[in-house]
Amino acid sequence: MAKTYDYLFKLLLIGDSGVGKTCLLFRFSEDAFNTTFISTIGIDFKIRTIELNGKRVKLQIWDTAGQERFRTITTAYYRGAMGIMLVYDISNEKSFENIKNWIRNIEEHASSDVEMMILGNKCDMTERRQVSKDRGEKVAIDFGVKFLETSAKSSLNVKEAFYTLGRDIMHNLNTKITDSNPPGGSGPVKITEKKSKRIKFFKCTLL
């Protein structure tokens with residue numbers, strides 16, 4: 001059977017239980033929102049094919065359980081991930097404070113060149129906000145990754161988040177190909193430092 005895509009990217013959604021990882025995934029994959037999701041048991045995934053830079057990209061998006069008791073199952077999926085979305089809930093201070101612990105997990109279990117992004121979800125809940133956008137931006141700058149505030153409920157920035165991460169992975173792959181095939185043929189392959197992340201912020205505004 002003919003392949004219907006040019007690239008296959010494996011993405012991982014991680015973060016505390018209840019921050020809205022499953023809702024983000026369903027909003028992106030099904031364009032639907034459901035308030036009655038039960039906590040993810042272990043790990044689940046969805047597939048969506050998108051177009052990036054003229055190429056068809058199949059995204060295999062893994063949704064992990066946030067609870068501690070599933071940690072040994074979910075960390076096994078870090079290694080093959082090409083992109084990781086670290087999600088916190090802007091109305092839950094604790095989920096934001098735990099970002100550093102999740103980053104430590106990524107450093108311990110994921111590939112060194114994995115693309116990362118921090119998402120402050122539920123930004124439609126302005127009256128219950130505990131974490132300011134400035135603090136989210138600051139922690140992203142501290143870790144050298146991109147940042148977005150999202151709302152699975154209103155769909156704000158959800159598509160942008162997945163497309164941005166997909167583009168970064170593609171850029172990373174193309175950089176590697178270029179570095180390993182320098183123009184002019186068979187000279188020594190130059191090992192380059194991991195590229196610095198490009199910080200880019202999107203405002204969370206409800207229309």
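User: Where is S132 found in the chain?

Analyst: S132 is found in the loop between β5 (115–121) and α5 (133–143), in what is a predicted model.

User: Why is S132 called partly exposed?

Analyst: The relative accessible area of S132 is 31%, and since buried means under 20% and exposed means over 50%, a value in between is called partly exposed.

User: Why does R27 count as buried?

Analyst: R27, which is found in helix α1 (residues 21–30), has a relative accessibility of 13%, and because the cut-off for buried is under 20%, R27 counts as buried. Leaving aside residues up to four places away in sequence, R27 touches A32, F33, A152, K153, S155 and V158.

User: What makes α1 and α6 roughly perpendicular to each other?

Analyst: The axes of α1 and α6 cross at roughly 85 degrees and come within 9 Å. Angles of 65 to 115 degrees count as roughly perpendicular, and α1 and α6 are therefore described in that way. L24, R27 and F28 of α1 make the contact with V158, K159, F162 and Y163 of α6.

User: Why are the buried residues of α5 said to lie on the same side of the helix?

Analyst: The buried residues of α5 are K133, G136, E137, V139 and A140. They cover an arc of only 165 degrees around the axis, which is why they are placed on the same side of α5. An α-helix has 3.6 residues a turn, so residues three or four places apart point the same way.

User: Which residues are exposed on the other side of α5, and which elements do its buried residues pack against?

Analyst: D134, K138 and D142 are exposed on the other side of α5, whereas the buried residues of this helix pack against β4, α3 (93–97), α4 (99–109), β5 and β6 (146–149). Just after α5, G144 takes a positive phi of about 70 degrees.

User: What makes up the largest nonpolar core, and which elements each supply at least two residues of it?

Analyst: The largest nonpolar core has 26 residues, and L11, F28, L59, I61, L119 and F162 are those with the most contacts inside it. At least two residues of this core are supplied by each of β1 (7–14), α1, β2 (43–52), β3 (55–64), β4 (83–89), β5 and α6 (158–180), with α6 giving the largest share, 7 residues. A second, separate core of 23 residues includes L12, W62, Y78 and I118. In soluble globular proteins, nonpolar side chains tend to be buried together.

User: Which residues does L119 touch?

Analyst: Not counting residues up to four places away in sequence, L119 touches L24, M85, L86, V87, Y88, L148, T150 and A161.

User: What is the overall make-up of the protein chain, and how many of its contacts, as a percentage of those between residues at least 6 apart in sequence, join residues at least 24 apart?

Analyst: The protein chain has 6 helices and 6 strands, which follow the pattern β-α-β-β-α-β-α-α-β-α-β-α along the sequence. Among contacts between residues at least 6 apart in sequence, 75% join residues at least 24 apart. Of the 207 residues, 47% count as buried, and the chain exposes about 10,900 Å², of which carbon and sulfur atoms supply 52%.

Technical notes:
Residues are numbered from 1 along each chain as its sequence is written. This is a predicted model: local features need pLDDT of at least 70, side-chain atom pairs count only at pLDDT 80 or more; totals for chains, interfaces and linings use all residues. Side-chain values use heavy atoms; hydrogens and water are left out. Helices (H or I, at least four residues) and strands (E, at least two) are DSSP runs, numbered from the N terminus. Buried means under 20% relative accessible area, exposed over 50%, partly exposed in between (1.4 Å probe, protein chains only). Contact means heavy atoms within 4.5 Å. A nonpolar core is a set of buried Ala, Val, Leu, Ile, Met, Phe, Trp, Tyr and Cys residues joined through side-chain atoms within 4.5 Å. The arc is that of the directions from the helix axis to the C-beta atoms. Accessible areas come from the Shrake-Rupley method with a 1.4 Å probe; for residues, only the protein chains shown count as cover. Axes are lines fitted to C-alpha atoms, for helices over the stretch in contact, and angles run from 0 to 180 degrees between N-to-C directions. Angles under 35 degrees count as roughly parallel, over 145 as roughly antiparallel, 65 to 115 as roughly perpendicular and the rest as oblique.
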